[in-house]
Amino acid sequence: RSEMRFRALIEKGTEMKTLRSPDGRFLYASPSVTTTLGYDTNELLHKSIVDLVHEDDLPTFLNNREGVIHAPGNSVFNEVRLRHKNGNWIWCEGFTTNMLHEPAINAMVSNFIDISDRKLIQEKIAESERFIKTITDNLPAMISYWDAGLHCLFANKTCIEWFEKQPAEMLGIGKKELLSESEFNLRE
């Protein structure tokens, strides 16, 4: 009964759970791994995680893995792109824990989720922010946005130049720091 509950938890969940050897070969992959990445279990058992990691993400991934391999019981976080069987890249994030020291497990245990939708939304937000910045930076009017504590959250190029600041100096600066006391009181 206990094993049935454990299997239900692992095999019915949407998180991708794997057991891997120290060199990255898959020893076990939960059904969600095959659903998310498109490979069947037999295909995965003949692969290494290294075969699936995007080349741009591989150096960080390998460095993180190397660090945790020599630290029994420790975990490492990774955010990587993994290759789907169809060739597309799936953004994933999760933790890998070194359980090599546990004789009953003797593997690297990973728990990852697909974050592709979140990454797409983040890119669309960044694209929108770049678009707004391009428009506002090309206007002759001073445009700025301040939080409730009167700290600058955004200033366009005209505003930054008028105050003779660097862009990084404007972000977070308080109105009182930027304006003299009399100007501040007049503008409030």
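This is a predicted model: local features need pLDDT of at least 70, side-chain atom pairs count only at pLDDT 80 or more; totals for chains, interfaces and linings use all residues.
Rolling a probe the size of a water molecule over the atoms shows where empty space is left. In this structure there is one cavity of 30 Å³ or more, and the volume of the largest cavity comes to about 110 Å³. Its lining is made up of Met16, Thr18, Arg20, Phe26, Val33, Leu37, Ile49, Phe61, Val80, Leu82, Ser110 and Phe112, a set that divides into nine nonpolar residues, two polar ones and one charged one. At least two lining residues come from each of β1 (16-20), α2 (31-37), β3 (75-83) and β5 (107-114), and among the contributors β1 gives the most, with three residues.

The strands β3 and β4 (residues 89-99) pair in the antiparallel sense, and nine bridges join them. Together β3 and β4 form a hairpin in which five residues lie between the two strands, and in this turn Gly87 has a positive phi of about 100°.

Is Ala71 buried or exposed? Ala71 counts as buried because its relative accessibility is 16%, which falls under the cut-off of 20%. Although Ala71 and Met99 are 28 residues apart in sequence, their C-alpha atoms are 9.4 Å apart in space.

Terms used. Residues are numbered from 1 along each chain as its sequence is written. Side-chain values use heavy atoms; hydrogens and water are left out. On a 1 Å grid over the protein atoms alone, a cavity is a set of points where a 1.4 Å probe fits but cannot get out, and a pocket is an open set with protein on both sides within 12 Å along at least five of seven lines; lining residues have an atom within 4 Å of a point. Grid points are joined across faces, edges and corners, and a volume is the space filled by probe spheres set on the points. Helices (H or I, at least four residues) and strands (E, at least two) are DSSP runs, numbered from the N terminus. Ala, Val, Leu, Ile, Met, Phe, Trp, Tyr, Cys and Pro count as nonpolar, Asp, Glu, Lys and Arg as charged, and the others, Gly among them, as polar. Two strands pair if DSSP finds at least two bridges between them. Buried means under 20% relative accessible area, exposed over 50%, partly exposed in between (1.4 Å probe, protein chains only).
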